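Biologist: Could you walk me through this model, one question at a time?

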Amino acid sequence: MKFLSKLYIALILVFLYAPILVMFIFSFNSAESVWVFEGFSLDWYKELIYNSTMLTALRHTLLIAILSAIISTVLGTAAAIGILQLRKKITKSLVMSVTNIPMMNADIVTGISLMLLFVFFGKLIGLNESLGFFTVLIAHITFNLPYVILSVMPKLQQTDKHLPEAALDLGCTPLQAFFKAVLPSIMPGVFSGFIMAFTLSLDDFVISYFTCGHYQTLPIVIYNMTKKTVTPDAYALSTIIFVTVFVLLILYNTMQNNSERKVARR
Amino acid sequence: MRQNENIVSLKNISVAFDGETVLDDINLDIRNKEFITLLGPSGCGKTTTLRIIAGFVEPDKGDVLFDDNKINGVPAHKRQVNTIFQRYALFPHLNVYENVAFGLRVKKTPEKELDLKVREMLKLVNLTGLEKRKIDTLSGGQQQRVAIARAIANNPKVLLLDEPLAALDLKLRKDMQTELKKIQQQLGITFIFVTHDQEEALSMSDRVVVMDNGKIQQVGTPKDIYNEPKNAFVADFIGESNILDGVMIDDRLAEFSGKKFECLDSGFEKNEPVDVVVRPEDVDIVPLSKGMLEGVVTSITFLGVHYEIIVDIGGFKWMIQTTDEQFVGDKVGLYIEPDAIHIMKKSEYSGKYGDYSSYSEEIDHLSDVEEDEN
């Protein structure tokens, strides 16, 4: 029985990670072949550095990911605080369901509807080309927000609700009370919300596809490449992205574990 | 400032939350350097009163005076009061030292002065040596002490305490009661203490404010409150009481349970209907022939110090505390001294508190103040 359960876990891991492992290995292949590993080389990584389309796209992706993560973290934290302060239960759950919709909604619906809105609004203010940097940014903030709210909310609920009052009582202005008392105690939630938002934004394809116009992000550039033939420099790039996300996820999990252990000790 | 000057005054304070009245025309003067307790069941408005003084709640009507200055609208961080919160509200990301130093740092106190003050406070609450400890590694009692030190480090003129002992176990609670009282006398500042525990209120306070339903029912010293309750609510809430329907025949003569009794109260109209309170420890059990009233023992509980027996007199169940052993079914006589009878005007609470026919151990557990008062 024990052997079977171990085998089961091993199988799951193989199915989950085999494709990534293959990609990882072949990104170091010295030849272009996807079935013969001819020798170890970093050629594809070198090639990547000179591939300007891909590098531009990478820059776009990173910029959008960082900006949208920062903005949605600020907005989402503020929103979580506001939602928790709502007195009536009905309004609270109503607001929560409304904020959760972008998360539940099919990406394609969110993408198309956002595109429509942007184009419509762009025409309204007389723009020829309304899709671009700002529209992707807004779109990414939109789908990141609920994740930030959901990761900040439980932290807020765990903290003593008199914490801001205690700070006011000790002479803080309301703003100081937030930064000195509330924010430090919900920081793990805020940070994990930020990482969530960053990784989600990093690999979003569907919504970006509809809203980016000429401001193409990496997933879109890679997708466009697949219409021709995929060269192994795409493997190299994907490997880099995977490793980045992987590291962030480990960070996120250790953060969560640490704060949970603290709560358990209490 | 002189001892008896008022430090905080509440004038005609009314508050409603979502249309529900929480405080109804509260008038209260709090004297400088006194230990005053707001006592009442949950939902009586005691915590709201405290929060109005702290500046967390603005009254809909009425004025809050501090040192004779109106402080309505002054935000909490500009008031010279500090609060100890129910679950302490300590800052989890700071250690013991930094928690205590918090208020001083906000005020930009010079480092040297701050360090002296923090160490002095930690010494006062017996936490020296725990400066570097994280809050979540402290016991409940230690957290309580940090909360006290954090509040008084700011030299408040008034310390507000919102049920600070509710989360501690019984033994620790008793110790902290003594300690709080000691700290209050040492600092010589006003303590406004909120609790629903009548024993705590009686044993710690200079004055007690009994509240119910958003109104002040009675203000007085613990002895006043216990011996001269103003209405049936106060009599029932503080300690055990037999509350009977009666008539004031004349000054110093009351009638209840079908008999006439001498008492010490006067100033009522002739034949005015009243509520009569007789404390269980003030009733003597005597042979039938000498009794003013007679009844049948229906239940006995041995409590160590004394017996608590229920005696049925004409259908009304009296509670009596006695050191003489009785047996269920015994016919006994009761003797009541004139000074054991307390007469109260009829109020909205009259008739709400029945006899001890549904008496159970559980009720006894909630209110065991008699031992202290005997």
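This is a predicted model: local features need pLDDT of at least 70, side-chain atom pairs count only at pLDDT 80 or more; totals for chains, interfaces and linings use all residues.

Biologist: Let's begin with chain B: how many helices and strands does chain B have?
Modeller: For scale, the C-alpha trace of chain B spans about 80 × 45 × 40 Å along its principal axes. Buried residues make up 41% of its 374 residues. As for secondary structure, chain B has 10 helices and 20 strands.

Biologist: What distance separates the centres of domain 1 and domain 2 of chain B?
Modeller: The domain assignment gives domain 1 of chain B as 6-224 and domain 2 as 228-373. Taken over C-alpha atoms, the separation of their centres is 36 Å.

Biologist: And which element gives the largest share of the side of domain 1 of chain B that touches domain 2 of chain B?
Modeller: In that contact, 9 residues of domain 1 of chain B meet 11 residues of domain 2 of chain B. On the domain 1 side, two or more residues each come from helix H6 (198-204), strand S9 (207-212) and strand S10 (215-220) of chain B. By class, this side has 2 nonpolar, 4 polar and 3 charged residues. The largest share, 4 residues, comes from H6(B).

Biologist: Chain B also has an open sheet of 4 strands; which are its edge strands?
Modeller: The order in this sheet is S2-S1-S4-S5 (chain B), and the pairing is antiparallel. An edge strand pairs on one side only, and that picks out strand S2 (20-31) and strand S5 (69-70) of chain B.

Biologist: Which residue in S5(B) stands opposite Leu65(B)?
Modeller: Strand S4 (residues 61-66) of chain B pairs with S5(B) in the antiparallel sense, over 2 bridges. In general, strands of a sheet pair through backbone hydrogen bonds. Here, the residue in S5(B) opposite Leu65(B) is Lys70(B).

Biologist: Now the two chains together: which helix gives the largest share of the side of chain A that touches chain B?
Modeller: The contact draws 18 residues from chain A and 18 residues from chain B. On the chain A side, helix H7 (163-169), helix H8 (174-202) and helix H11 (232-265) of chain A each give two or more residues. That side has 7 nonpolar, 5 polar and 6 charged residues. Its largest share, 5 residues, comes from H7(A).

Biologist: Let's look at helix H5 of chain A: how far does helix H5 reach from its first C-alpha to its last?
Modeller: Helix H5 (residues 107-124) of chain A has 18 residues, and at 1.5 Å a residue a span of 26 Å is expected. The model comes close to that, with a reach of 25 Å.

Note on methods
Residues are numbered from 1 along each chain as its sequence is written. Chains are lettered from A and ligands numbered from 1 in the order in which they are written. A residue is buried if 20 or more other C-beta atoms lie within 10 Å of its own, exposed if 12 or fewer, and partly exposed in between; C-beta atoms are placed from the backbone. Two residues are in contact if their C-beta atoms, placed from the backbone, lie within 7 Å. Ala, Val, Leu, Ile, Met, Phe, Trp, Tyr, Cys and Pro count as nonpolar, Asp, Glu, Lys and Arg as charged, and the others, Gly among them, as polar. The expected span of a helix is 1.5 Å times one less than its number of residues. Domain bounds come from an automatic or database domain assignment. Two strands pair if DSSP finds at least two bridges between them.
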